[in-house]
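Below is a short report on one protein chain.

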Amino acid sequence: MRSKPARARTEAAPQPAAARAKAGPQPGDTQYPSADKGARTVDVIIGLDFGTSSTKVVIQTPTIGGQRAVPVPLQSEAGSAWGRYLLPTRIRVGADGLFEVGGLSGADVHGDLKVALIDICTAKACTVADTYRRHRMALAAGYLGVVLRDARQRYLQDEVDTLSNRRLRWQLNLGIPSAGYGDTLMREVFRSIASASWRLSTTCGPIRLADAEATLDIAPSEDITIEIVPEVAAQVVGYAQSPSRRDGLHLLVDVGASTLDVCAFNLHERDHADHYALLMADVQRLGTYELHRRRLEALGRGTTWRPELAQLAPDARLRLPATNGQTRPRLDTADEGYVRAARIVVMQILMSLRKSRYPGAPNWSVGLPVFLCGGGSLDPTVSKFMGLCSDALTKSTRARPLEIKRLPIPHNFDASALSGADQNGENILSLFHRSSVAFGLSYDALNIGEITPPSEVDPIHPIAPRRFDHLYVGKDQV
Ligand SMILES: Nc1ncnc2c1ncn2[C@@H]1O[C@H](COP(=O)(O)OP(=O)(O)OP(=O)(O)O)[C@@H](O)[C@H]1O
Ligand SMILES: [Mg+2]
């Protein structure tokens, strides 16, 4: 979906109420023109997954319609049935500073919107110039502003029958990498971006770079509740509420486009609410782009990096221009190098958990549940490394093999918008796997559960066995 330079509100001639109601929701609207002030209020929660390669939006009305969570199409055309629900995380800044989103390429296109933010937060403060930091934040806020405005208008149009006579109370949940959740600066940066993007999304005119920069300084709007939620907690919310849920230690491995996000969490119930203690987390630049970069390097000169090549699912490798009998061994070596690097990241977490962070976790002796998710986990090379981690773990410790699984598709994930012929199990599965973070984010933050960042969780040591020998009378004491 492209951002059309919309009419500025100030230019619009006043419209009679009846005409506005008939015209339906306009860009920037947060309420239906037909809902008057006395109408019943309903909560609407936007789950916004700002992925490094693509952005996904799922919207839920938790109190009506069986908690239906609806993925929102963000593009009108795509190569696959579920591709319409992903929008490339790229923005073009036109000569006059006008933002444009969609499947873009070219020199004035910024494609590293999220990665740049993570870098800003993890670099030493003194090495990042303030102007650069603001510029990157404005790009991200502008992009998300356009996405939110388009997604909300689309949703309001589609849900007109169920919602048009209600007042809508909005909540926006934005995901953050799990390793960044304990980082105050990263949380603050993502929160200001979310707040600015919501404000921008409620305007109806063109969104420009200068507007986005200015909006960063404005206090949060009162018509929205914003929460910053670690992606891992969001991703497992469906599982935590499903009958297959188990308490205890779990691992989540999310292979995205840019990042490999590994997180160990302890799930348990406290005061009738889920509690996630994030025991350890690590994020490394080992998503499918890195795999693809290594493959291109192995093929040598003439095969240059193009992100869209890495997007070629299901098996990007087969689509590489020069795959033949001669190049295959070189590609195999590149893949092995990638698998080794990814395995090291996961093994470091597994071994620290086993040795010091939570050696006595009961799940070690039944098979530690590992959720493998993210678009990249569907790549056959990528999915191989978890099996290798399981072998290495059982060889070096007495733990049972890992129980590697996929997240279950929740009953309230509504994929009915996939049209007739596209309504098959495989498409629904792909759509859910690409939208699982946004799906979890569409829950009320209270239902996602309480989250403790890794820095605040002490190692969990086994309880020392109680000694009862002092209660017995030994033979020599008789
Ligand atoms: N069916 C598939 N088979 C193989 N690879 C796939 C498949 N579907 C998606 N991918 C890969 O998944 C990647 C995108 O995954 P995802 O949407 O989880 O990333 P993201 O959330 O944008 O990135 P990140 O989590 O790093 O911020 C694409 O680069 C593509 O290579
Ligand atoms: Mg992701």
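## Overall makeup

Buried residues account for 42% of the 478 residues in the protein chain (buried: 20 or more other C-beta atoms within 10 Å of its own, with C-beta atoms placed from the backbone). The model is predicted: local features need pLDDT of at least 70, side-chain atom pairs count only at pLDDT 80 or more, and totals for chains, interfaces and linings use all residues. Residues are numbered from 1 along each chain as its sequence is written, and chains are lettered from A and ligands numbered from 1 in the order in which they are written.

The protein chain has 14 helices and 15 strands (DSSP runs, H or I of at least four residues and E of at least two, numbered from the N terminus).

## Helix packing

Helix H3 (residues 130–158) packs on helix H5 (residues 184–201) at about 45 degrees, with the axes 7 Å apart. Axes are lines fitted to C-alpha atoms, for helices over the stretch in contact, and angles run from 0 to 180 degrees between N-to-C directions. Contact means C-beta atoms, placed from the backbone, within 7 Å. H3 contributes residues including Met137, Leu144 and Arg152; H5 contributes Val189, Trp198 and Leu200, among them.

## The sheet

Six strands form an open sheet with mixed pairing, in the order S14-S13-S10-S11-S12-S15 (strands pair if DSSP finds at least two bridges between them). S14 (403–405) and S15 (450–452) are the edges; each has a single partner strand, so one side of each lacks a neighbour in the sheet.

S10 (residues 248–255) and S11 (residues 260–270) pair antiparallel over eight bridges. Val255 stands opposite Leu260 in S11. Helix H11 (residues 328–357) lies across S10, S11 and S12 (273–284), at about 130 degrees to S12.

Conventions: Buried ≥ 20, exposed ≤ 12 C-beta atoms within 10 Å, placed from the backbone. Contact = placed C-beta atoms within 7 Å.
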